[in-house]
4 protein chains.
Amino acid sequence: VAAEVSDRAWLQAMLDFESALATACARLELIPAEAASAIAAACRAEDFDVAQIGREAAHSGNPAIPMLAQLRARLPSEVAGEVHRGATSQDVIDTAAMLVARRALTPLLADATAAARACATLAASHRDTLMLGRTLLQQAVPTSFGLKAAGWLAGIVRARREVALTCERQIALQFGGAAGNLASLGEAALPAAALMAADLDLPLPAVPWHAERTRPVVLVDALGALAGALGKVAGDVALLAQGEVAEVRSGGGSSSAMPHKRNPVPALLVRACAQRLPGLVATMHASLVAEHERAAGGWHAEWETFSDALRLSGSACAWGARMLEGLEVDPERMGLNLELAGEGVMGESVTVALAARLGVARARELVEAALSCGRGLRAAAADVLTPEELEAALSPASCLPNARALVDRALAEYGDGW
Amino acid sequence: VAAEVSDRAWLQAMLDFESALATACARLELIPAEAASAIAAACRAEDFDVAQIGREAAHSGNPAIPMLAQLRARLPSEVAGEVHRGATSQDVIDTAAMLVARRALTPLLADATAAARACATLAASHRDTLMLGRTLLQQAVPTSFGLKAAGWLAGIVRARREVALTCERQIALQFGGAAGNLASLGEAALPAAALMAADLDLPLPAVPWHAERTRPVVLVDALGALAGALGKVAGDVALLAQGEVAEVRSGGGSSSAMPHKRNPVPALLVRACAQRLPGLVATMHASLVAEHERAAGGWHAEWETFSDALRLSGSACAWGARMLEGLEVDPERMGLNLELAGEGVMGESVTVALAARLGVARARELVEAALSCGRGLRAAAADVLTPEELEAALSPASCLPNARALVDRALAEYGDGW
Amino acid sequence: VAAEVSDRAWLQAMLDFESALATACARLELIPAEAASAIAAACRAEDFDVAQIGREAAHSGNPAIPMLAQLRARLPSEVAGEVHRGATSQDVIDTAAMLVARRALTPLLADATAAARACATLAASHRDTLMLGRTLLQQAVPTSFGLKAAGWLAGIVRARREVALTCERQIALQFGGAAGNLASLGEAALPAAALMAADLDLPLPAVPWHAERTRPVVLVDALGALAGALGKVAGDVALLAQGEVAEVRSGGGSSSAMPHKRNPVPALLVRACAQRLPGLVATMHASLVAEHERAAGGWHAEWETFSDALRLSGSACAWGARMLEGLEVDPERMGLNLELAGEGVMGESVTVALAARLGVARARELVEAALSCGRGLRAAAADVLTPEELEAALSPASCLPNARALVDRALAEYGDGW
Amino acid sequence: VAAEVSDRAWLQAMLDFESALATACARLELIPAEAASAIAAACRAEDFDVAQIGREAAHSGNPAIPMLAQLRARLPSEVAGEVHRGATSQDVIDTAAMLVARRALTPLLADATAAARACATLAASHRDTLMLGRTLLQQAVPTSFGLKAAGWLAGIVRARREVALTCERQIALQFGGAAGNLASLGEAALPAAALMAADLDLPLPAVPWHAERTRPVVLVDALGALAGALGKVAGDVALLAQGEVAEVRSGGGSSSAMPHKRNPVPALLVRACAQRLPGLVATMHASLVAEHERAAGGWHAEWETFSDALRLSGSACAWGARMLEGLEVDPERMGLNLELAGEGVMGESVTVALAARLGVARARELVEAALSCGRGLRAAAADVLTPEELEAALSPASCLPNARALVDRALAEYGDGW
């Protein structure tokens with residue numbers, strides 16, 4: 001997503017606004033058609049000096065002013081005057097932000113889709129792969145890798161849907177003029193806004209949102225949730241890839257010091273991106289409290305933050321998809337780790353079986369005693385259960401029927417939503 | 001919302017989970033019907049020692065464990081064993097969080113509705129009230145107070161809708177057992193989950209979300225947006241209530257030192273709440289990266305943060321409604337401030353009028369010269385414009401037609417969504 | 001630290017301010033000595049209704065106003081008027097915050113000291129305990145547990161020192177009156193401030209800091225660093241306590257579902273606390289931008305945030321000390337894991353040895369080939385190195401001399417600073 | 001500070017590390033002197049392809065690896081092997097971060113000094129300039145602009161000192177090798193570290209801090225405090241520059257829509273920078289919890305965050321100095337606003353005067369009645385006070401003696417510390 005949020009991409013989006021504005025003004029006969037054509041033809045970012053706009057932006061307080069200066073300088077003077085009719089800097093920048101976001105969301109959502117698809121494949125193909133469930137970073141009870149992947153899938157699907165829905169509901173044209181009331185275009189204002197919205201393929205909002213910043217904030221919230229959903233997967237992958245666990249292998253980054261080492265680079269990068277979103281989300285939320293008709297600083301704080309949020313969540317999706325698509329799963333090691341964990345992980349299962357005969361309290365006591373005194377669950381339970389019951393209670397596979405059903409539910413939900 | 005998120009409210013929600021679980025187990029004949037009845041009857045928070053549960057929660061790592069101890073102690077021993085069948089602490093606490101949230105959202109959304117209604121009333125009744133638009137904390141161009149209130153309305157409506165939609169999509173039962181695969185209830189697990197969901201009136205999710213934290217995170221995001229939308233209004237109110245501006249009056253807090261002072265207490269409190277949400281939102285996002293089947297610390301970090309987010313955004317809504325309902329608007333002072341601002345605020349308008357004759361470049365030059373040399377806009381423009389054009393260009397009321405149209409659009413959108 | 005930041009503790013600190021103020025006023029003959037005695041005698045938090053003050057605080061905008069009302073109600077009317085002379089609510093609350101902080105820092109720093117001491121003991125007693133160093137969550141090269149503990153120690157020592165230095169530099173009396181210029185006490189103002197500072201044992205700042213919020217912000221920054229330093233240790237402990245790693249054991253929290261499980265509760269709680277500080281730190285920083293002579297909301301947002309930061313970092317220190325003091329280290333398992341990691345972890349070491357003969361490039365090639373083709377490092381290196389060189393290069397213990405030297409440096413630094 | 005934190009600046013800092021390492025190795029006869037010279041000569045950032053390093057950094061997980069590849073490619077093969085002896089990527093990047101910080105802090109601290117100096121000048125020259133004190137955004141009581149500027153000064157001085165002290169205490173060499181124990185350089189390791197520290201003019205820490213991230217975190221905390229201290233000033237400037245207040249004028253940014261408007265651009269930019277620091281500070285704090293010997297993602301999340309923090313706080317200082325140096329203060333308008341505020345702002349003062357005769361309770365009643373019934377303070381107080389007492393009580397200038405004393409204290413503190 002880096003290209004879609006580059007300075008050049010922002011500049012092109014600002015120029016797209018000016019082009020659409022001039023075209024709309026010509027349609028409404030506010031400016032000559034030839035002027036609009038000339039403006040539209042000049043609105044090509046590759047002809048501009050992006051770096052200079054950046055340098056001058058600080059002095060004028062925003063990048064729209066030097067952009068306009070360069071644009072006007074590229075036009076005959078009688079046309080230059082027709083640029084930016086009825087608009088203010090904020091209209092240009094806010095609309096550009098929305099265009100940048102929509103353009104960035106195309107690859108971002110595609111990568112999220114790829115990540116989800118890879119999760120779904122893992123969930124489906126490992127429905128029967130037993131592994132240790134781990135809670136609070138401790139070995140807990142058996143589960144399946146399919147269900148673990150189904151949980152990853154559910155998170156990515158949920159967060160991706162938030163992004164997509166938010167995009168639908170929040171992306172919109174901003175066009176309000178100096179104080180948001182479209183005063184200077186008179187009767188032509190609302191028609192011009194409608195034409196621009198159509199031209200730029202952006203929804204026309206009920207009212208300009210120059211000082212009502214919910215739209216970009218809520219969008220970044222959803223990006224943060226998506227980066228976090230992928231960060232959760234990456235964290236699990238990194239933990240499973242630990243040498244002592246070795247249940248998955250991921251990536252192949254080399255080390256500058258250690259020739260033998262295989263670093264799980266995609267997982268690291270996803271985690272690094274995910275770790276930056278909370279701070280960016282907080283900064284966006286702080287910008288909600290905007291003074292009057294344009295915030296005195298809070299609005300300016302949004303620009304890079306918004307770009308960073310798109311870029312980093314986009315990177316999380318791209319690396320997340322690559323991580324999941326390249327994930328090597330080792331079912332045998334999963335089985336081995338489960339076995340090595342010992343019968344303690346079946347303690348809950350045996351307790352349940354014993355409780356049917358002895359009541360929960362005595363069953364729990366018996367199991368705790370068996371586990372702590374070293375007598376062992378099997379021996380302790382053999383006094384109470386039939387051999388068949390005993391085998392069932394001690395079998396990790398007894399978790400599979402429900403785990404499979406849950407995997408199927410997750411896959412069905414995934415199938416529905418895509 | 002303080003009562004809805006109190007320790008007692010959390011405890012009752014946890015007990016509601018246990019009651020629903022026992023009832024479901026009895027319906028599925030996993031436990032005797034009388035045991036379920038006894039459990040359900042014992043699940044009354046007022047009979048428990050809330051403070052003790054709080055103290056013991058630290059030592060066991062979560063409040064479910066001491067809650068269960070107290071609950072079991074209130075039951076005959078043969079019934080005590082039937083409590084909490086197939087569940088784990090996280091099921092209790094996560095489901096309780098959802099119940100707490102839903103119960104807190106009732107007053108919260110009602111207060112947000114009241115705040116929106118007050119905004120709509122202000123927007124409608126001040127459609128024709130001219131005032132200064134202010135950008136970057138500077139006087140800019142005329143606008144109407146009706147449109148300002150319509151902008152507030154749009155923000156509250158948008159954010160409130162996010163909360164309501166999020167609530168619909170994200171609130172759900174959590175029931176997964178020790179590692180989220182419902183292993184220990186066997187075939188009865190999914191039916192039990194369905195019964196509990198129905199009993200607690202919570203949607204049944206496709207899969208347990210113990211380690212997929214998007215749900216509470218996205219909910220807090222929306223609460224943050226709502227608090228911010230109200231914070232924006234409160235900030236504007238506090239600025240408009242400054243002695244030198246005096247366009248509104250709000251609240252009537254007294255001062256411990258100054259007998260004459262009237263502090264805009266509701267606005268202050270809304271801003272204070274709004275200022276805390278960004279940090280809470282960031283903390284929630286950080287919890288997304290949860291290890292394996294239960295996060296080792298990140299989950300625990302959510303509890304108070306989630307409560308604080310509900311309480312503070314709830315407080316922002318309650319005080320926001322009170323602030324807006326009690327707002328005294330002074331249209332005369334708005335008019336006076338507009339007049340005192342001088343003809344400079346009509347500079348854009350006059351430029352537009354002149355540009356129709358002279359082109360934009362010369363019009364802009366003429367206006368800038370007139371404003372800087374002291375000759376004045378009226379005199380400068382009189383050489384070019386007809387008297388009627390001149391009056392129109394110098395009249396702040398020329399912004400009203402578009403402002404009114406935008407107010408109507410905001411009110412229509414508000415009307416649609418409620 | 002919970003008790004030191006309770007509502008009652010805040011109330012007592014506010015009352016201590018009022019008592020010191022009355023005493024100073026009496027010393028300067030602004031009020032009768034008997035009035036001051038009566039006020040001082042009435043300033044006992046246990047006689048007040050804390051909950052009522054909390055409820056009324058919202059309506060007046062701060063808790064000082066209802067506190068003053070209760071205090072005055074407890075005094076004869078002629079004495080009641082002498083309370084709070086020349087002060088404003090902010091003086092009471094800010095000074096109370098400083099008293100609360102200083103009282104909370106006593107146990108907090110003691111717990112941090114205990115945690116550091118436990119680290120130092122671990123570092124010293126495990127100077128020769130070899131274990132795997134792990135980078136990017138992958139097995140890397142051998143190191144010692146002593147050095148790992150020395151790194152923990154360095155972090156805790158550094159952060160604790162920040163807290164202590166910050167406390168020295170930032171904790172101070174706040175006394176400025178209505179707008180921070182001490183106007184209403186006339187010539188007695190600065191002498192009164194000096195007397196109060198002495199009485200409360202707080203430094204007298206050059207100027208009141210009512211609208212200059214660096215002091216509490218910087219203090220919370222340091223608390224965040226300390227919680228984070230302990231969070232780092234807790235994270236390592238939780239990772240080392242994983243069943244597959246098993247190099248340490250910590251805590252003994254039970255599980256509501258799994259009888260066999262031993263949850264590392266202290267480590268979890270430390271991590272949970274550490275995870276909340278970043279958001280609190282961000283909220284405090286946002287309060288720096290305070291409007292004029294008292295912030296309109298930002299100040300109010302500090303109160304609970306400041307308390308939470310003290311409470312949670314205090315809890316991180318308390319649980320961190322307990323975690324470290326109770327840590328069971330398993331040097332044998334560390335050795336076993338190192339052995340099981342295979343000769344790959346010696347790859348860097350062998351490369352260095354080979355490079356002395358072959359140059360770095362060829363040495364690296366040879367090692368990579370040996371590790372990837374399965375021939376093995378020993379066989380490949382045996383062609384080049386003498387048997388003694390080979391053993392040294394393949395021996396994990398070759399890292400110990402430098403590791404020991406670093407441990408000693410850390411212990412010396414620790415010794416210096418305490 | 002943008003140049004000091006550019007990609008090129010980071011690259012040069014990384015190359016400085018390699019150069020110092022090669023030089024140290026040659027001094028210790030680990031590598032030939034000619035090799036060291038060749039390496040040192042090749043370590044010039046202007047010869048490298050910065051953009052390519054950026055692109056490749058993602059794939060290898062960090063920028064040190066492609067930097068090393070380019071550096072080695074520029075050297076004869078026998079020299080190439082001598083590059084980076086005993087070091088790991090983190091050594092390069094962490095030490096580079098410290099060099100970048102120190103280089104950026106030179107202009108940053110100079111700008112902060114300039115800002116403080118400008119505040120001191122304002123404080124000294126406006127010791128007698130009366131103005132309204134404003135609390136909670138409401139007119140409160142008279143104060144002086146000198147004292148207001150002294151408060152700004154105290155904040156900048158305090159925060160700047162934090163940055164300078166932090167810089168002294170926290171900036172240090174990082175050199176630890178693969179897992180932080182300097183294993184691969186054997187006996188030469190600590191001497192090499194000492195030589196590098198001397199060469200780069202960086203303190204040698206007791207132990208490597210690769211996984212103990214307090215240093216960069218605490219540094220960013222201080223930068224956040226400084227940006228916030230300037231943000232507070234900028235906020236006050238923007239509020240005082242409001243058209244209705246007009247007590248200061250600042251900047252002269254033009255508007256793309258409004259020819260008459262003079263935007264306080266420096267103040268806006270300072271506020272925008274200040275608003276981004278809290279989120280960056282939070283992200284840094286989150287990185288404290290680093291896994292084992294190198295964080296799996298958290299470390300990577302620091303790099304841009306650290307640069308952004310330096311750049312934005314540097315920008316806040318630069319624009320803050322410009323804002324303060326160019327600030328036009330209007331003492332007459334301050335006086336006028338004070339007069340227009342009415343006698344209510346003298347209410348506290350009159351209450352104090354009356355209380356000496358009537359007791360506080362009756363004095364307060366009398367003043368409140370006078371202010372609310374319209375009789376006026378003067379008339380009401382004239383019954384009780386002598387004419388001289390009355391004039392004194394109603395004179396805003398009565399606040400000046402204490403205000404002047406406080407200004408002097410602030411200037412003295414400023415003088416001491418610089």
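User: Leaving aside its neighbours within four places in sequence, which residues is A:Ala101 in contact with?

Analyst: A:Ala101 is in contact with A:Ile171, A:Leu219, A:Phe306 and A:Leu310, once its neighbours within four places in sequence are left aside, where contact means heavy atoms within 4.5 Å. This is a predicted model, in which local features need pLDDT of at least 70 and side-chain atom pairs count only at pLDDT 80 or more, while totals for chains, interfaces and linings use all residues. Residues are numbered from 1 along each chain as its sequence is written, chains are lettered from A and ligands numbered from 1 in the order in which they are written, and side-chain values use heavy atoms, with hydrogens and water left out.

User: In which helix does A:Ala101 lie, and is A:Ala101 buried or exposed?

Analyst: A:Ala101 lies in helix α6 of chain A, residues 89-125; helices (H or I, at least four residues) and strands (E, at least two) are DSSP runs numbered from the N terminus. With a relative accessible area of 0%, A:Ala101 is buried, a term that means under 20% relative accessible area, with exposed over 50% and partly exposed in between (1.4 Å probe, protein chains only). A:Ala101 and A:Val220 stand 119 residues apart in sequence, and their C-alpha atoms are 9.9 Å apart in space.

User: With which residues is D:Ala206 in contact, leaving aside its neighbours within four places in sequence?

Analyst: The contacts of D:Ala206, with those neighbours left aside, are C:Leu406, C:Arg409, C:Ala410 and C:Glu413. D:Ala206 sits in the loop between α8 (189-200) and α9 of chain D, and it is buried, with a relative accessible area of 11%. The C-alpha atoms of D:Ala206 and D:Val289, which are 83 residues apart along the chain, are separated by 20 Å.

User: How many residues of α9(D) are buried, and how far apart are the end C-alpha atoms of α9(D)?

Analyst: Because 27 of the 27 residues of α9(D) are buried, this helix is largely enclosed by the rest of the structure. For its length, the expected span is 1.5 Å times one less than the number of residues; for helix α9 of chain D (residues 214-240) that gives 39 Å, and its end C-alpha atoms are 39 Å apart, which agrees. In chain A, helix α4 (residues 64-73) is mostly covered, with 7 of its 10 residues buried, among them A:Pro66, A:Met67 and A:Leu68. The buried residues of α4(A) pack against α1 (7-27), α2 (33-42), α3 (50-60) and α6 of chain A.

User: At what angle do α1(D) and α2(D) pack?

Analyst: Two packed helices are described by the angle between their axes and the distance between the axes. Helix α1 (residues 7-27) and helix α2 (residues 33-42) of chain D pack at about 170 degrees, with their axes 8 Å apart; axes are lines fitted to C-alpha atoms, for helices over the stretch in contact, and angles run from 0 to 180 degrees between N-to-C directions. α1(D) and α2(D) are therefore roughly antiparallel to each other, given that angles under 35 degrees count as roughly parallel, over 145 as roughly antiparallel, 65 to 115 as roughly perpendicular and the rest as oblique. The residues making the contact include D:Glu18 and D:Ala22 of α1(D) and D:Ala36 and D:Ile39 of α2(D).

User: What phi does C:Leu137 have?

Analyst: Most residues other than glycine have a negative phi. C:Leu137, although not a glycine, has a positive phi of about 65 degrees; it is found in the loop between β1 (130-135) and β2 (138-144) of chain C, and counts as buried at 4% relative accessibility. C:Ala246 is not a glycine either and has a positive phi of about 60 degrees; its place is the loop between α9 (214-240) and β3 (248-249) of chain C, and at 22% relative accessibility it counts as partly exposed.
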